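Thanks for coming. I will show one structure and walk through a few of its parts. Please have a look at it first.

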Amino acid sequence: MTKILADTSRCVGAGQCVLTDPDAFDQDEDEGLVIVLAPEPSDEAALERARRAALICPSQALSLAE
Amino acid sequence: MTAPQLQTTRSCPFAPPPEHVQLRDLEAPTKVTMPDGQEAWAVARLEDVRALLTDPRFSSDRSRPGFPVLVKQRPKPGMFRPVLLTMDPPEHGPARRAVVGEFTVRRMEALRPRIQQIVDEHIDALLAGPAPADLVQALSLPVPSLVICEMLGVPYADHDFFQNCSTQMLRRTTPPEQRAKAADEIRSYLRDLLAQKRAHPADDLLTRQLPRYDDPEDLVGLAFLLLIAGHETTANMISLGVVTLLDHPDQLAALLAHPALTPAAVEELLRYFTIAEFATSRVAKEDVELGGALIKAGDGVVTLGNAANRDPAAFARGDEFDVERGARHHIAFGFGPHQCLGQNLARLELQIVFDTLFRRIPSLRLAAGVDDLPFKDDASIYGIYELPVTWSAP
């Protein structure tokens, strides 16, 4: 099962992941840091969105672990 | 051999200078000569720009001597205090985190009804006035200005003052003393405004930031950055977007038929113009190998972002405007830890403006030829100074 990993020490709160998949990602209210709502993409489409979020994350705070 | 001069104007309003494309298509980054005579590396492939902007060995500190500048005369070092834009780690992270929570996707979405109201009121006023009209003054500038003023808690009544200062500051042809004076005037205005907020706290971003800053002057710098960046860039994108969509009637028709396409169209406009490409310059703190070039410590680097956003390795048919592309891996908002703080506000404003404007004024058209429009070829952020439009009575 693929798992989404988020490194909040790298996150800069740009919110790009939330725009990519609001069901999988959120931002905390104070510092805008990433919160992974759905760490395990449930289907191929969700996995593709997770890959896209990792690609466009400006601080490269997201990664996928097989 | 002297490096070629960096071309800083777009010969075609809808494309990067051909010289930038040639630089991008070389095997490795090469040096160019900046307007002040100093040399800098030009980086123009998307992959290289992403690598540059995420590499902590490159600095954003504009006071370092090698930092590339677009003007003929370098600003005096120490003229400005560090702000978010110019900070490096470890200062940058905490400073950004102190304010980024104000710009989350959810917070921006909560502004939607108010932004819609502002856009509607300005379109009402446009329709009630004479045609042709200048869309820059009627819509492009006032909408983002009003929104950022309300967010920050800056009185909108003062917009003529700060918009005028901002235009002077961003024009590369403004004499250095005058540019410095314009910046000083805004600073002094914001200093007074923050003192008032300290005495009379309000429910706004600047008031909320007050307790986070030991030195009030540092907050003046942040307020300055947010105020200028918050209206100037979005205003330019509104004007450029209107021209481009009117110039592609088939795509505008597709957009009107399928409003769900608007976010993709906004991304495409951002990519297609990349108006703030010179905001992502850097200077190397140590020797770095980048894209096949050895960049030495102290060397400046400029990013040719518009050429990078059409890099064939990253975007198929990158020179074509296609509202359905919707690619979000562009670097129109920069990349790395400095990526635009207000990008989700900008996206929302642009989506609401394009959705509303063409729906409410289907007969909207340019009242001047595209080639006759005053594009901002002399500014460090691309855009249009005036945009005459007309329409038929509904």
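Let's start with B:Asp299. Is B:Asp299 buried or exposed? The model is a predicted one, and in it 21 other C-beta atoms lie within 10 Å of the C-beta atom of B:Asp299. The cut-off for buried is 20 or more, so B:Asp299 counts as buried.

Where does B:Asp299 sit along chain B? B:Asp299 is in the loop that runs between strand S7 (293-295) and strand S8 (300-303). Leaving out residues up to four places away in sequence, B:Asp299 touches B:Trp41, B:Gly66 and B:Ala284. As for B:Gly383, which is 84 residues away along the chain, its C-alpha atom is separated from that of B:Asp299 by 29 Å.

Next, strand S2 of chain B, residues 39-43. Four of the five residues of S2(B) are buried, so this strand is largely enclosed by the rest of the structure. What does S2(B) pair with? Strand S1 of chain B, residues 30-33, is joined to S2(B) by four bridges, and the two run antiparallel. One of the bridge pairs is B:Thr33 with B:Glu39. S1(B) and S2(B) make a hairpin with five residues between them. In the turn, B:Gly37 has a positive phi of about 95 degrees.

S2(B) is also joined to S8(B), again by four bridges, but here the strands run parallel. B:Gly300 in S8(B) stands opposite B:Ala40.

Last, the two chains. In chain A, 16 residues are in contact with 17 residues of chain B. Helix H1 (16-20) and helix H2 (44-56) of chain A each supply at least two residues of that side of chain A. By type, the side of chain A that touches chain B has seven nonpolar, six polar and three charged residues.

Conventions
Residues are numbered from 1 along each chain as its sequence is written. Chains are lettered from A and ligands numbered from 1 in the order in which they are written. This is a predicted model: local features need pLDDT of at least 70, side-chain atom pairs count only at pLDDT 80 or more; totals for chains, interfaces and linings use all residues. A residue is buried if 20 or more other C-beta atoms lie within 10 Å of its own, exposed if 12 or fewer, and partly exposed in between; C-beta atoms are placed from the backbone. Two residues are in contact if their C-beta atoms, placed from the backbone, lie within 7 Å. Ala, Val, Leu, Ile, Met, Phe, Trp, Tyr, Cys and Pro count as nonpolar, Asp, Glu, Lys and Arg as charged, and the others, Gly among them, as polar. Two strands pair if DSSP finds at least two bridges between them.
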